Amino acid sequence: MTENSSSPYARFATPLTQRSGSLRICFIGKYPPIEGGVSAQNYWAARALASRGHQVFVVTNANEVEARFRQRLDDDAEHYEPQFPDSGGAVRVLNPEPMTPRRMTHIPLSNPFVSKLTGLATATIREHDCELIVAYYFEPYVVAGHLASTFTSTPMLVEHAGSDLDRLMRLPELAAVYKEILRSAAAVATKPSLVRRFLGMGVERNALRSGPPYPLPRSAFSPAAQPMSPAEIAAASIDGFGVEFDPALPTIGMYGKPGDRKGTFDLIAAMAVLASRGLRFNALFLSGESQLDRMRSEIRAAGLADRSTILGFVPPWRVARFIRTCTAVCFLERDFPIGIHGPVVPREVLSCGTCLVLSGEILEKQSYAHRLIDQENVLTVADPKEHEKLAAQLELVIRDPDKAARIGAAGGLLGTEFDTFDVFADAWESLVDIGSSARGMPAPPHLPDLLAELTPKLAVLFGTAWSDVVAGFAATRDATPPADEFAVAEEFCDHLTRHLDRAAAAAAVTPAYLADVLRYQRGRLWASQDGPYDRDVHAGTRFPTPVLRRMVPRRTRTTLVESFDHDVTELFCQPSDPVRAAAGEAGSGCVVCFVRYPNLEHRELRLSDGTRRLLGLCDGTRTVGDIVAALAPAPEADVIGALVRLRGEGAVVLEKAVPGGTP
């Protein structure tokens, strides 16, 4: 094995030995110095597998990450490419040649990440006889992994994050590629709650496996972590404020990429309130160069430049030192557009025993939310946009840092109960054993369980009668396990419709109400299965009103509009009591637009009468101007605003104007 010249910490000069039972794994994905949760997860995964004796070859484009998302790596070679002599495992990091126009120029110019990663991974697999590819994050890593897998006949395990599944995969042309790869992968790691989406994409159930828990190595995240010194803070500062950090003052901190939805600027506004009251404290941001100019501007405008320091990103093994430097660490994410996004910052802060200030949105996402008690083991702010309320919680930290320390210590006790790094390593060893007959997500063995998975709200509605209702259905069909699970769910809805009176009596609802429920359930099943999608060729373009008037909107093929006599959305879309929902009388109905998204994200749109009429007029023959005229006297701004929202939800695409349209 030759020395790895592409690594920033090249130091291997001797071959690595492989113990019996260990694997040689090509791991393709983000890795330090790339900032973010996926990069950190990959780092800890590679380390965990190497600690168990596996040889892990990380193929990454981390060396080409943009400066604003780059972590600062100092003397970190021991962490960056860890070796474990006791087990014989090790991590080696390989980067392809950086982009240079002289060597890689082509028109239109782009950095050929997919090709470079594919080539390096293919060479690595062949040189080291790798037995498995692990690819994490669809773009470009899973695409490159699929090509390398095809070239070398090496099985691939795919893992996804939130932003690739719920943002990138919303684009039909990207989704088409990702689905082909997912359907051909040896295994796909995901959350149990997302199984239905992957089944709808055509991924076989026996290929789906439960993803690992996020790691919290106690050696890295604990109250024993050494706080950063004033000299280290000064050396890592990138803000230009020249503030001398005073460790004697309380310190309010925040780390990660900044942004409005991250609550960064809510925090700045709340701290400005406290500064105006004469309170003295440090403001410490581990936010890197991402939005650095705006951060500087907002801090200066808030009058906080005399106490604020912005630090460059650090690798995951040094995050705990930042946390322990702070009296309290804020995580204030709110209005986040990716529903399945599950940040781990709260667990990291709690594990370090530092006082955590948490937004209500993130509090609700925690499985242990019922154990987080305001001003006992956490400080909570329902909505960080309410700056006075946020300031009140921060004022407690500043005026009584001893109480903040007690809150942090109490949170630290909860942190000791989180999954250990051994649990994480066990999970990854199970994942990479893709040849095992044991799968993480087998098909439910019984029909009631299968139908409860695909039609969960029907199971809620029928309650204790569920088993009997399904048994009546099972008696009418062949006992052979279903090849198409969604077809069985649709067949079940048809069966209940044919026996509506009896089924309604079992659910203690009226037949008319149950009929609406079943139509809603069919709409949801329709939107949960893959199909053709319409491309918006003008996606991302915001047209001025005069131009927009000449465009032709067309309702997409991926929309299904249903009218209901009862407001059954109370059953399907809210955690309300189904009995109370069933009590709704006819006449309190609703109109719902089911939208089938390329990533099979679950969402429905409730339409007003005006919006329903608008959507009906979007038949591809009228310009926006024609539709505005047809909906008069409704204000043009209201019509166009509704149209823009429908387009944003994927219910409408814009096409070129037809001749003779109203300007």
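**View 1. Helix α27, with its exposed and its buried residues.** In this predicted model, D609 and G616 are exposed on one side of helix α27, where exposed means over 50% relative accessible area, buried under 20%, and partly exposed in between (1.4 Å probe, protein chains only). Helix α27 spans residues 609–617, and its residues T611, L614, L615 and L617 are buried. These four cover an arc of only 160° around the axis, which puts them on the same side of α27; the arc is that of the directions from the helix axis to the C-beta atoms. An α-helix has 3.6 residues a turn, so residues three or four places apart point the same way. Helices (H or I, at least four residues) and strands (E, at least two) are DSSP runs, numbered from the N terminus.

Residues are numbered from 1 along each chain as its sequence is written, and side-chain values use heavy atoms, with hydrogens and water left out. Because the model is predicted, local features need pLDDT of at least 70 and side-chain atom pairs count only at pLDDT 80 or more, while totals for chains, interfaces and linings use all residues.

**View 2. The open sheet of 8 strands.** The strands follow the order β3-β4-β2-β1-β5-β6-β7-β8, and their pairing is mixed; two strands count as paired if DSSP finds at least two bridges between them. At the edges stand β3 (83–84) and β8 (208–210), each with a single partner strand, so one side of each is left without a neighbour in the sheet. Strands of a sheet pair through backbone hydrogen bonds, either parallel or antiparallel.

**View 3. Strand β1 and the strands that pair with it.** All 6 of the 6 residues of β1 (residues 24–29) are buried, so this strand is largely enclosed by the rest of the structure. Both of its faces are covered, with R24, C26 and I28 buried on one side and I25, F27 and G29 buried on the other. Strand β1 runs parallel to β2 (residues 55–59), to which 5 bridges join it, and I28 has V59 of β2 as its bridge partner. With β5 (residues 132–136), β1 also pairs in the parallel sense over 5 bridges, and there G29 stands opposite Y136. Together, β1, helix α1 (residues 37–51) and β2 make a right-handed β-α-β unit, right-handed meaning that, with the strands pointing away from the viewer, the path from the first strand over the helix to the second runs clockwise.

**View 4. Strand β4 and its pairing with β2 and β3.** Strand β4 (residues 89–94) pairs with β2 in the parallel sense over 5 bridges, and the bridge partner of F57 in β4 is R92. With β3, by contrast, β4 pairs in the antiparallel sense over 2 bridges, and Q83 has A90 as its bridge partner. The hairpin of β3 and β4 has 4 residues between the strands, and in it G88 takes a positive phi near 85°. Strand β4 is mostly covered, since 6 of its 6 residues are buried: G89, V91 and V93 point one way, A90, R92 and L94 the other way.
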